[in-house]
Amino acid sequence: MLNNIGLPGLLLIAVVVLVLFGRGKISSLMGEVGKGITSFKKGVAEGSKELEDESKSAADEARDVTPADQKDKA
């Protein structure tokens with residue numbers, strides 16, 4: 001369906017959107033989209049870091065398998 005639009009069709013759609021919403025409204029909308037993308041990337045990075053920290057702490061806890069009474073004797 002979108003294969004038939006072409007460059008003139010895209011330009012016409014862009015002009016109509018610009019006329020309907022105005023340059024200021026589109027500019028602010030694109031700014032909000034940019035902020036949303038940035039916060040999404042930051043959230044993904046924090047989430048992966050959190051998962052990495054959890055796996056490291058779980059690995060540290062799993063390493064020491066000596067029973068508590070055996071630790072006291074050593």
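Which side chains meet in a salt bridge? Glu-32 and Lys-35 do, and the views below start from the whole chain and work towards that pair. This is a predicted model, where local features need pLDDT of at least 70, side-chain atom pairs count only at pLDDT 80 or more, and totals for chains, interfaces and linings use all residues. Residues are numbered from 1 along each chain as its sequence is written, and side-chain values use heavy atoms, with hydrogens and water left out.

**View 1. The protein is built from three helices and zero strands.** Reading from the N terminus, the order is α-α-α. Helices here are DSSP runs of H or I with at least four residues, strands are E runs of at least two, and both are numbered from the N terminus. Of the 74 residues, 0% are buried (buried is under 20% relative accessible area, exposed over 50%, partly exposed in between, with a 1.4 Å probe and protein chains only).

**View 2. Helix α1 covers residues 6-21.** Its 16 residues should span 22 Å at 1.5 Å a residue, and the end C-alpha atoms sit 23 Å apart, which agrees (the expected span is 1.5 Å times one less than the number of residues). Just past α1 comes Gly-22, with a positive phi of about 85°.

**View 3. Leu-10, Leu-12, Ile-13, Val-16, Val-17, Leu-20 and Phe-21 make a nonpolar surface patch of about 680 Å².** Patch members have over 30% relative accessible area and no salt bridge; nonpolar side chains (Val, Leu, Ile, Met, Phe, Trp, Tyr) are joined within 5 Å, like charges within 9 Å. Phe-21 counts as exposed because its relative accessible area is 51%.

**View 4. Glu-46, Glu-50, Asp-53 and Glu-54 form a negative surface patch.** Asp and Glu count as negative here, with each charge placed at CG of Asp or CD of Glu. Glu-54 belongs to helix α2 and is partly exposed, because its relative accessibility is 43%.

**View 5. Here is the one salt bridge in the structure.** Glu-32 and Lys-35 meet at 3.9 Å, N to O (the cut-off is a side-chain nitrogen of Lys or Arg within 4 Å of a carboxyl oxygen of Asp or Glu). Both lie in α2 (residues 23-63), three residues apart, about one turn of the helix. Glu-32 and Lys-35 are both exposed.

How values were computed: Accessible areas come from the Shrake-Rupley method with a 1.4 Å probe; for residues, only the protein chains shown count as cover.
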